[in-house]
Amino acid sequence: MKEKDHRLDDYFESYGDMLFRHVRTFVDYHTAEDICQETFLRLAAHLDQVEPELVKAWLLKVSKRLAYDYNKKGGRHKTKVGLGPEEMEIADVHSDTERIVIELEERREMDRVLGRLEKENPRWHDALLMRYQERMSDREIGSIMGIKASLVGQWRRRARLWLKDRYSSEEEEDQSR
């Protein structure tokens, strides 16, 4: 295998998840996957020109531009005729502020929901966090918690069902008010 291939693999391993989460703030899940793939393909084509210490910034910048291009073509990110880049940044502040507020509200709601799950069953809570935040496998979680991997999967399923049941009924109550 060429040295270039090893570097690209290393960059993908180091920055793949971070890049996906970054792109996901601009576009939907499946589009984010496509944009991340396109970004790494472009990195492969320019790998010799990008300094190793600048790869992370390069990936973030290119992926953001690709996401903006996608949104512009889809009509969701429109440029305003006659405005330069400085004015465009000012014009987009409102939409960025709205997005940040929505993200903060979603994060607060998620913290509230996970807090209730932790009170209901701390082990389910821990299994979910290890799986989805720390990206650990059921086997790794099981070895840490001293249980079988199959039990970890059962706990995660039960926790998801509990959350779905609990919050779908709360949502129905809120809508009936």
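These legends accompany several close-up views of the predicted model. Residues are numbered from 1 along each chain as its sequence is written, and side-chain values use heavy atoms, without hydrogens or water. Because the model is predicted, local features need pLDDT of at least 70 and side-chain atom pairs count only at pLDDT 80 or more, while totals for chains, interfaces and linings use all residues.

**View 1. Helix H3, end to end, covers residues 55–73.** Helices here are DSSP runs (H or I, at least four residues), numbered from the N terminus. The expected span is 1.5 Å times one less than the number of residues, so the 19 residues of H3 should span 27 Å, and the end C-alpha atoms agree at 27 Å apart. Which residues of H3 are buried? They are Val 55, Leu 59, Val 62, Ser 63, Leu 66, Ala 67 and Asn 71; buried means under 20% relative accessible area, exposed over 50% and partly exposed in between (1.4 Å probe, protein chains only).

**View 2. The largest nonpolar core has 18 residues.** Such a core is a set of buried Ala, Val, Leu, Ile, Met, Phe, Trp, Tyr and Cys residues joined through side-chain atoms within 4.5 Å. Val 23, Val 27 and Leu 43 touch the most other members. Helices H1 (3–24), H2 (29–45) and H3 each supply at least two residues of this core. Look around Val 23: beyond its neighbours within four places in sequence, Val 23 is in contact (heavy atoms within 4.5 Å) with Ala 32, Ile 35, Cys 36 and Ser 63.

View 3. Glu 38 is partly exposed at 31%, as is Arg 42 at 37%.

**View 4. A salt bridge links Arg 156 and Asp 138.** The closest N and O atoms of this pair are 3.0 Å apart. Arg 156 lies in H7 (residues 149–176) and Asp 138 in H6 (residues 138–145), so the pair ties together parts 18 residues apart in sequence. Both Arg 156 and Asp 138 are buried. Salt bridges with shared partners join Arg 131, Asp 138 and Arg 156 into one network.

Conventions
A salt bridge is a side-chain nitrogen of Lys or Arg within 4 Å of a carboxyl oxygen of Asp or Glu.
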